[in-house]
Amino acid sequence: MIGTASGLLYQDYQSVNAAGQQRAESLAHIAAAHVQQTLRAIEVSMQALDRQPTSLIAGATKTPAEVLRALERVGQIVPALTSIQLFDASGNAILPAADSAAMDYRFGASPTFNFHRDNPSFGIILNRRDPSVSNLQVSRRLSHLDGTFAGVILGDLNPQNFGSFFPALGADSVELAFSDGTVMVRFPRHDTKSNGDSADRYLAAYPLDGMPLTLRVELDRHDYLAAWESKRNVAVALVCTIIILCLGGIVAMRRHTANAIAMVALETRTRAEAAARLRADELSRRKSDFLSQMSHELRTPLNAIIGFSEVIKEESFGAVGQPKYKEYADDIHYSAQHLLSVINNILDLSKVEAGKWHMADDDVTLDELFDALLRLSNERASRENVHLAMKSDLPGVVLRGDKRTLLQIMLNLTINAIKFAGPDRQVDLAVRATLDGGIAISVADHGDGMTGDELEKAMKPFNAPANHLNRKKQDTGLGLPLAAAFAELHGGKVELDSVPGFGTTAKLLLPATRVRLVQ
């Protein structure tokens, strides 16, 4: 029996140990993919200036200020990239760098510059200017339209920018290092758990494709073996109990064995239930934390799409040529903005559900609220050919609450009404006082309306009515639930009234504690 138990415990140990190592390798792969994605974003942003040097570097049609704006757009698309410079084919800087260290440094005489000049097919190159400086140099060759060498674009990448992503992985430590072992960035910076013994840790290293970088992840082995050690202790205790009971006689052994088995089963079941609840709570918390911390990672590629499509749409580097391309760029720009709006709604809803939404306590007048609302919704109304009409019977009303959140509530209700009003129709916004001294702001469309079941579904997240019109209008079912959640944070609520064939009216109701009249 002891041999069988030992064999089972050893097999369980091997399984848990393998799962821990596999977890470390998976996290290393995820972290490496994130770093590679950032480097690819830098590569794409630098490509925006490729094949343009005749006008940018030679100065034929561009002033230094315009060159600087072009570089600033690259920096806006990839915020992690700083101190961006252009060098012409002779190695001379087109514009001075932002910091004096870069100004004193002659990049045109470096081996990296010569390598770019002699290798036209190579992409970005990473190297370190000084071992005492943590920043990475990121450079890329620029070519003329005929493919000849025109110069190099150079920028600094601070590895600490990855420090906001590494903690979200759940590993004990994550480090990014050169192939020679030089560590660029490590989370946490000072590892308090490390005792120098690699046997106490799961280690995984993942080299980046085409880059002299390696991602290294460490997990505490004791965290994964804690449950196994508990089972081992229970098994040892059980065997010892059986031996003692055997010495006391067959009857006593049966009685005490039954009690021991019952106690172990109860303890195991209790621990399993507690562990299951703890895992469920931890997974829910990590999901909410991950979504709230990943806003930058989700928005960065979308901002790149929006920025590049806006450059094409506005023909910043010259005429596109075919009008159809410009129309496609406009569609890409609009679709990316819509997708960014959906992601923002998901992230905001996640923060509200996790209780991490922080509200300010401002005073905002209705006139300020409606002016901002019209500025943000007029473009969508024009696109849908919908007229916005506004009427207020309460001049001088001041609302107390979070200005940004109140504006988001009204914007969600108004955009929703514009989507479902239909072309050549009107959306009416009205304000009135309620009997309890509060205020009601209504947004009414005159579209097809909804049934009772559709109204109930419309107020639930990710449960948009599934008719053909709503799919055509790209309704994700997040606007109304998010508006309702924000209203509850102010002590109010959102109500819907609808009649099929006559349209829908959404009302924001705020209590008297949020309303004040200015004499």
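This dialogue walks through how to read several features of a predicted model.

User: Before going into detail, how many helices and strands are there, and what share of the residues counts as buried?

Analyst: Bearing in mind that this is a predicted model, the protein has 14 helices and 16 strands, and 40% of its 519 residues count as buried. As for contacts with a separation of 6 or more, 65% of them in the protein come from residues 24 or more positions apart.

User: Let me begin with a sheet. What is the order of the strands in the open sheet of four strands, and which pairing does it have?

Analyst: The order is S1-S4-S3-S2, and the pairing is antiparallel. S1 and S2 stand at the edges with a single partner strand each, so one side of each has no neighbour in the sheet. Direction ignored, neighbouring strands of this sheet are turned by 25° against each other on average.

User: How many bridges join S3 to S4, and how many join S2 to S3?

Analyst: S3 and S4, which run antiparallel, are joined by eight bridges, while three bridges join S2 to S3, and these two strands also run antiparallel. Individual residues can be followed across the pairing: Leu142 stands opposite Gly151 in S4, Ser143 stands opposite Phe149 in S4, and Leu126 stands opposite Val138 in S3. The hairpin of S3 and S4 has five residues between the strands, and in it Gly147 takes a positive phi near 90°.

User: Is S3 enclosed by the rest of the structure or left open, and which way do its residues point?

Analyst: S3 is largely enclosed by the rest of the structure, because eight of its eight residues are buried. Leu136, Val138, Arg140 and Leu142 point one way from the strand, whereas Gln137, Ser139, Arg141 and Ser143 point the other way, and all of them are buried. Asp156 belongs to strand S4, and with a relative accessibility of 8% Asp156 counts as buried.

User: Turning to the helices, why do residues three or four places apart in an α-helix point the same way, and which residues of H5 are buried?

Analyst: An α-helix has 3.6 residues a turn, so residues three or four places apart point the same way. In helix H5, residues 111-118, the buried residues are Thr112, Phe113 and His116. They lie on the same side of H5, because they cover an arc of only 100° around the axis. Pro111 and Asp118, on the other side of H5, are exposed.

User: What covers the buried residues of H5, and how does H5 run relative to S3?

Analyst: The cover includes strand S1 (81-88), strand S2 (125-127), strand S3 (136-143) and strand S4 (149-157). H5 lies across S1, S2, S3 and S4, running at about 30° to S3.

User: How is a pair of aromatic rings described, and how many such pairs does a search of the whole structure find?

Analyst: A pair of aromatic rings is described by the distance of the centres and the angle of the planes. A search of the whole structure finds two aromatic pairs. In one of them, the rings of Phe113 and Phe149 have centres 5.5 Å apart and planes at 75°, so this pair is edge-to-face. Since Phe113 lies in helix H5 and Phe149 in strand S4, the pair ties together parts that are 36 residues apart in sequence. Phe113 and Phe149 are both buried. Phe115 and Phe122 also form an edge-to-face aromatic pair, at 5.1 Å centre to centre and with 90° between the planes. Phe115 counts as partly exposed at 33% relative accessibility, and Phe122 counts as partly exposed at 40%.

User: Finally, how are two packed helices described, and at what angle do H1 and H6 pack?

Analyst: Two packed helices are described by the angle between their axes and the distance between the axes. H1 and helix H6 (residues 221-247) pack at an angle of about 170°, with their axes 9 Å apart. The two helices H1 and H6 are therefore roughly antiparallel to each other. Among the residues that make the contact are Leu9, Tyr13 and Val16 of H1 and Tyr224, Leu225 and Trp228 of H6.

Methods
Residues are numbered from 1 along each chain as its sequence is written. This is a predicted model: local features need pLDDT of at least 70, side-chain atom pairs count only at pLDDT 80 or more; totals for chains, interfaces and linings use all residues. Side-chain values use heavy atoms; hydrogens and water are left out. Buried means under 20% relative accessible area, exposed over 50%, partly exposed in between (1.4 Å probe, protein chains only). The arc is that of the directions from the helix axis to the C-beta atoms. Contact means heavy atoms within 4.5 Å. Two strands pair if DSSP finds at least two bridges between them. Axes are lines fitted to C-alpha atoms, for helices over the stretch in contact, and angles run from 0 to 180 degrees between N-to-C directions. Rings of Phe, Tyr and Trp (its six-membered ring) pair if their centres lie within 6.5 Å; planes under 30 degrees apart count as stacked, over 60 as edge-to-face and the rest as tilted. Angles under 35 degrees count as roughly parallel, over 145 as roughly antiparallel, 65 to 115 as roughly perpendicular and the rest as oblique.
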